[in-house]
Each structure stands twice: as structure tokens, then as C-alpha cells.
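Morning, everyone. Please look at the screen, and I will walk you through one chain.

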Amino acid sequence: FSPQVDAANTGRVLASDAAVFLKRSGLTDLVLGKIWDLADTDGKGILNKQEFFVALRLVACAQNGLDVSLSSLNLPVPPPRFTDTNSPLLLNATASSDVPWAVKLEDKAKYDSIFDSLNPVNGLLSGDKVKPVLLNSKLPVDILGRVWELSDIDRDGMLDRDEFAVAMFLVYCALEKEPVPMSLPAALVPPSKRKPLSFPGAMPLIPSSTATKEPHQSLPPVGILAAKTPLTQ
């Protein structure tokens with residue numbers, strides 16, 4: 001075990017220590033919670049060495065667009081990537097500010113006009129206003145949930161103009177049959193968001209099966225869609 005996650009050399013990792021470490025993967029809270037549930041097989045909130053390796057393997061699967069499931073563990077994937085900062089985004093620490101934004105100017109103008117037509121308040125759109133636009137794409141609910149998680153970069157449950165552009169960009173990618181990533185690539189982070197984000201406390205990586213049902217800091221990924229879409233989960 002790395003001293004980063006097992007400072008006392010106990011051979012076990014507590015949920016609180018694992019949360020801080022796994023958050024550096026740049027994956028969303030929803031994905032990390034699912035990874036924890038799969039790795040913490042006995043639900044005690046502690047991972048032994050083998051369970052921790054399972055968690056790392058699942059992180060690598062998620063970062064490479066594979067399903068977070070035990071069936072993905074046998075698939076060949078590169079090692080998981082972690083940043084050294086507490087930023088929730090998987091940014092390339094040196095080059096992130098130099099990467100051109102993936103959203104083209106002409107597309108941004110189109111997304112801005114949609115944004116303005118939805119009557120933003122103080123430059124922000126609530127989940128209720130974004131929901132019809134997302135649902136109108138006819139994409140699966142789990143994909144739309146991931147789009148919301150990735151585009152609400154500051155986790156305030158609202159989308160500003162740049163975050164909305166990210167959401168629209170991801171929706172159009174999905175409509176072109178391109179996979180929606182599990183974590184936001186550096187090129188998709190709006191230039192206005194490319195600075196270290198500070199969050200109060202560490203991510204609440206939920207070890208118990210009951211706690212995972214509670215909403216995260218932002219809108220739960222499928223919560224904004226639940227009004228019109230029956231969920232079987």
C-alpha cells in the first residue's frame with residue numbers, strides 16, 4: 001500500500017482515506033460510489049489490499065470508458081491515472097491551461113442562444129430548466145445523468161453558460177454515437193473553470209449501501225430526469 005492511503009501501515013484502507021485518494025482520479029462522485037460498493041464486498045467501510053486493488057482496477061476501467069462492473073476486471077486497460085491536486089477534474093497539471101477548448105466558437109454561439117432562450121437567472125440555469133433539453137435528445141437516462149454530472153463542474157446544481165455548452169457538446173457527441181467519458185477530459189474543461197476548485201471537506205465516498213441512496217452535493221445524476229422517466233434502478 002502507498003503511504004498516501006495507509007499511513008499507519010495496517011494493511012487496510014478506511015473509507016475516509018480512500019475517498020481523498022480516489023477523488024484524484026477525476027471521476028464523478030456517482031462513479032466513485034459505485035466503485036466503492038463493488039470493492040467493499042462486506043460493506044464494512046474498509047478495504048483490504050485485494051479489495052483496494054479491485055477499486056484501482058475499476059477506476060482504470062471507468063477512465064477508459066468501460067463499464068464499472070466486476071465483469072470489466074479481466075479486460076486489458078492502462079493503469080489508473082491520479083492527479084496530485086485536490087481538483088475534482090482529471091487535468092493535465094502542466095498543460096491544462098494551454099489546451100484549446102474542445103467547444104468550437106460557432107458551436108458555442110449556437111449553445112449560447114439555446115441557453116438564453118431558457119431564461120437563465122443570474123446567468124445560471126437550474127436542473128429543471130435543463131432537464132427538458134436533455135430529455136429532448138432521447139438519449140438513455142444513464143447517459144444524460146452522466147452528462148449532467150460532468151457539465152456541473154462546480155457542483156452547485158446549476159449550469160452557467162460555459163457549463164451548459166459542455167452539456168450540449170456531450171449530448172451531440174452521444175448522438176453521434178461517441179461514448180460519453182466517465183471523467184471530463186482537460187480539453188473539455190472551459191477556460192473559465194481551469195483553476196483549482198476548493199471544496200469544503202473531502203468527497204463523501206459512501207461506504208454503506210444505504211448511504212449511497214442519498215443525494216450528492218449536486219443534483220443526483222438521474223434525479224433531474226426522474227420526473228418524466230420511470231427508472232428501474
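First, a caution. This is a predicted model.

Let's start with the layout. The chain has 233 residues, and 47% of them count as buried. It holds 7 helices and 4 strands. Read from the N terminus, the order is β-α-α-β-α-α-β-α-α-β-α. Now the contacts. Take contacts between residues at least 6 apart in sequence: 65% of these join residues at least 24 apart.

Next, the record. An unreviewed UniProt entry carries the annotation "domain: EF-hand" for residues 27-62 and 139-174. What do we find over these spans? Residues 27-62 are 69% helix and 8% strand. The end C-alpha atoms of residues 27-62 are 8 Å apart. Residues 139-174 are 69% helix and 6% strand. For residues 139-174, the end C-alpha atoms also lie 8 Å apart.

Now to helix H7, residues 161-175. How far should the 15 residues of H7 span, at 1.5 Å a residue? The expected span is 1.5 Å times one less than the number of residues. That gives 21 Å for H7, and the end C-alpha atoms are 21 Å apart, so the two agree.

Is H7 mostly covered or mostly open? Mostly covered: 12 of its 15 residues are buried. Among them are Phe164, Met168, Phe169 and Leu170. Asp162 and Glu163 are on the buried list too. What do the buried residues pack against? Their partners are helix H4 (105-117), strand E3 (125-126), helix H5 (127-135), helix H6 (141-151) and strand E4 (158-159).

Look at the two ends of H7. At the start, a side-chain oxygen of Asp160 comes to within 3.1 Å of the backbone nitrogen of Asp162. After the helix comes Lys177, with a positive phi near 70°.

Stay with Glu163 for a moment. This residue is found in H7. Its relative accessible area is 0%, so Glu163 is buried. Which residues does Glu163 touch, leaving out those up to four places away in sequence? They are Ser151, Asp152, Ile153, Asp154, Met158 and Lys193.

Two loop residues next. Lys138 is in the loop between H5 and H6. Its phi is positive, about 65°, although Lys138 is not a glycine. Arg155 is in the loop between H6 and E4. Arg155 is not a glycine, yet its phi is positive, about 55°. Now compare their cover. Lys138 has 69% relative accessibility, so it counts as exposed. Arg155 has 15%, so it counts as buried. The cut-offs are over 50% for exposed and under 20% for buried.

Last, the cysteines. How many disulfides does a search of the whole structure find? The answer is 0. Cys61 has a relative accessible area of 0%, so it is buried. Cys173 has 16% relative accessibility, so it counts as buried. Cys173 is also one of the buried residues of H7.

That's my tour. Questions, please.

How values were computed
Residues are numbered from 1 along each chain as its sequence is written. This is a predicted model: local features need pLDDT of at least 70, side-chain atom pairs count only at pLDDT 80 or more; totals for chains, interfaces and linings use all residues. Side-chain values use heavy atoms; hydrogens and water are left out. Buried means under 20% relative accessible area, exposed over 50%, partly exposed in between (1.4 Å probe, protein chains only). Contact means heavy atoms within 4.5 Å. A polar contact is a pair of N or O atoms within 3.5 Å; within protein, one must be able to donate a hydrogen and the other to accept it, and residues adjacent in sequence count only if both atoms are side-chain atoms. UniProt positions are given in the numbering used here, feature names are shortened, and annotations may be inferred rather than shown by experiment. A disulfide is a pair of cysteine sulfur atoms within 2.5 Å.
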